[in-house]
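Reader: I am new to protein structures and would like to learn how to read one. Could you take me through a few features, one at a time?

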Amino acid sequence: MDAILQGLRAAGEETRLRLLVLCAHSELTVSELLQILGQSQPRVSRHLKLLCEAGLLDRFQEGSWVYYRLANRGSNALLARYLVDLIPDGDDVIARDLDRLDAVRQARSDAAMAYFRKNASEWNEIRSLHVPEKDVESLLLDVLARYQADHQVKLREFLDIGTGTGRMLELFGPEVSYAVGIDNSREMLAYARTMIEDKGFKNCQVRLGDMYTLPVPSASQDLVMVHQVMHYADRPKVVLEEARRVLRPDGLLIVVDFAPHDLSNLKEEHAHQQMGFDLQQMSDWCHEIQFKIIETHSLPGNPLTVNVWVASAVEA
Ligand SMILES: C[S@@+](CC[C@H](N)C(=O)[O-])C[C@H]1O[C@@H](n2cnc3c(N)ncnc32)[C@H](O)[C@@H]1O
């Protein structure tokens, strides 16, 4: 009851209600909120502090930027969503705020698209070397469906390591309750964040982080994906150890990466650290760190073959 009262008191002011609505639509920095609201920084920062203390907003850091979003966990997350949903669609003040938010999001999206266009030809070049992504993706969705049916479970919390443009969030987001993508590139995250917001995936988020030290609590995830990321790792086994740490017992790990190849230009020109992984090598690492391999697949392509490892975390 105390928490609800604190939440209602915090929300009971016009600017703070506007902040809740804005942060329900998008993850926003203070400077973006200032642009939209046209108020002074100390004032807006004080409102944000109160809303965070009341558990209505979450604050998180990405490099030197601090973002705010509507809380989606914790005792007042439901209250926050409920208050936002109560506001009538036609409210003039909110409609004006949302118009300004559109302008902020358009600027973000333009920057993300510029980065994407700059790199797209390089990504397309690599894509042309292996089987179509839709083949890999339908296999992954099939793996998930079979695992859930065979074990009579619903995998709820999904972590995508090295999320890039967020394609795996887009694919698996609708299948789970909550999905987080981690990447160490702010540009990639900006693109993924724009995609998530454009598609209206309210259960998906992205975070800046390193795959060797994931900003994720231990034993908190049901499903971890490492899709086309391992070849960037100079310590692939450490990435698996981190995945094991954050998975719950019985949680599912899916790793997708190239089979061993001899395309040295991927190393020289595309910063790959590893020239693919043998099915057995990855399986051995998995066994060493308390994973049980459930199934493996090889999808032959020309010249790159894509390997898939599916493993479940066993009790230590
Ligand atoms: C080829 S992309 C794959 C993206 C995505 N998983 C997919 O398949 O669409 C590899 C991603 O790994 C990210 N990455 C590389 N090293 C990383 C690290 N140390 N920690 C987190 N992400 C990393 C890159 O920024 C890039 O977005």
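This is a predicted model: local features need pLDDT of at least 70, side-chain atom pairs count only at pLDDT 80 or more; totals for chains, interfaces and linings use all residues.

Reader: How are the rings of Phe277 and Trp285 placed relative to one another?

Author: The general idea is that two numbers describe a pair of aromatic rings: how far apart the centres are, and the angle of the planes. Here the centres of the Phe277 and Trp285 rings are 6.2 Å apart and the planes stand at 70°, so this pair is edge-to-face.

Reader: How many aromatic pairs are there by this rule?

Author: The count comes to three. In another of these pairs, Phe60 and Tyr67, the ring centres are 5.5 Å apart and the planes are at 10°, so the rings are stacked. Phe60 is buried, and Tyr67 is buried too.

Reader: Which charged residue sits over the ring of Phe60?

Author: That is Arg207, whose charged end is 3.6 Å from the centre of the Phe60 ring.

Reader: Now for the nonpolar parts. Which residues have the most contacts inside the largest nonpolar core?

Author: As a general idea, nonpolar side chains in soluble globular proteins tend to be buried together. In this structure the largest nonpolar core has 36 residues, and those with the most contacts inside it are Leu140, Phe158, Phe172, Leu223, Ile254 and Val308. Elements that give two or more residues to this core include helix H7 (133-151), helix H9 (186-199), strand S7 (221-227) and strand S8 (247-258). H7 gives the most, with six residues. Apart from this core lies another one of 31 residues, including Val226, Met230, Leu240 and Ala243.

Reader: What does Leu140 touch beyond its neighbours within four places in sequence?

Author: Leu140 is in contact with Met168, Phe172, Met225, His227, Ile254, Val256 and Val308.

Reader: And Leu223: why does it count as buried?

Author: The cut-off for buried is under 20% relative accessible area. Leu223 has 0% relative accessibility, so it counts as buried. You will find Leu223 in strand S7. Leaving out residues up to four places away in sequence, its contacts include Leu144, Leu155, Phe158, Phe172 and Ile254, and also Glu157.

Reader: Where is His270, and is it buried or exposed?

Author: His270 is in helix H11, which covers residues 264-270. With 6% relative accessibility, His270 counts as buried. Beyond residues up to four places away in sequence, His270 touches Glu122, Glu125, Ile126, Tyr232 and Asn265.

Reader: Let's step back to the whole chain. Into which domains is it divided?

Author: There are domain 1 (2-104) and domain 2 (129-313). Their C-alpha centres lie 33 Å apart.

Reader: How many residues of each domain are in contact with the other?

Author: Twelve residues of domain 1 are in contact with eleven of domain 2. About 1100 Å² is buried between the two domains, and carbon and sulfur atoms give 32% of that area. On the domain 1 side, Glu27, Glu62 and Arg73 lose the most area to domain 2, together 47% of what that side buries.

Methods:
Residues are numbered from 1 along each chain as its sequence is written. Side-chain values use heavy atoms; hydrogens and water are left out. A nonpolar core is a set of buried Ala, Val, Leu, Ile, Met, Phe, Trp, Tyr and Cys residues joined through side-chain atoms within 4.5 Å. Buried means under 20% relative accessible area, exposed over 50%, partly exposed in between (1.4 Å probe, protein chains only). Helices (H or I, at least four residues) and strands (E, at least two) are DSSP runs, numbered from the N terminus. Contact means heavy atoms within 4.5 Å. Rings of Phe, Tyr and Trp (its six-membered ring) pair if their centres lie within 6.5 Å; planes under 30 degrees apart count as stacked, over 60 as edge-to-face and the rest as tilted. A charge sits over a ring if NZ of Lys or CZ of Arg is within 6 Å of the ring centre and within 35 degrees of the ring normal. Domain bounds come from an automatic or database domain assignment. Buried area is the accessible area (1.4 Å probe) that two parts lose on being put together, summed over both.
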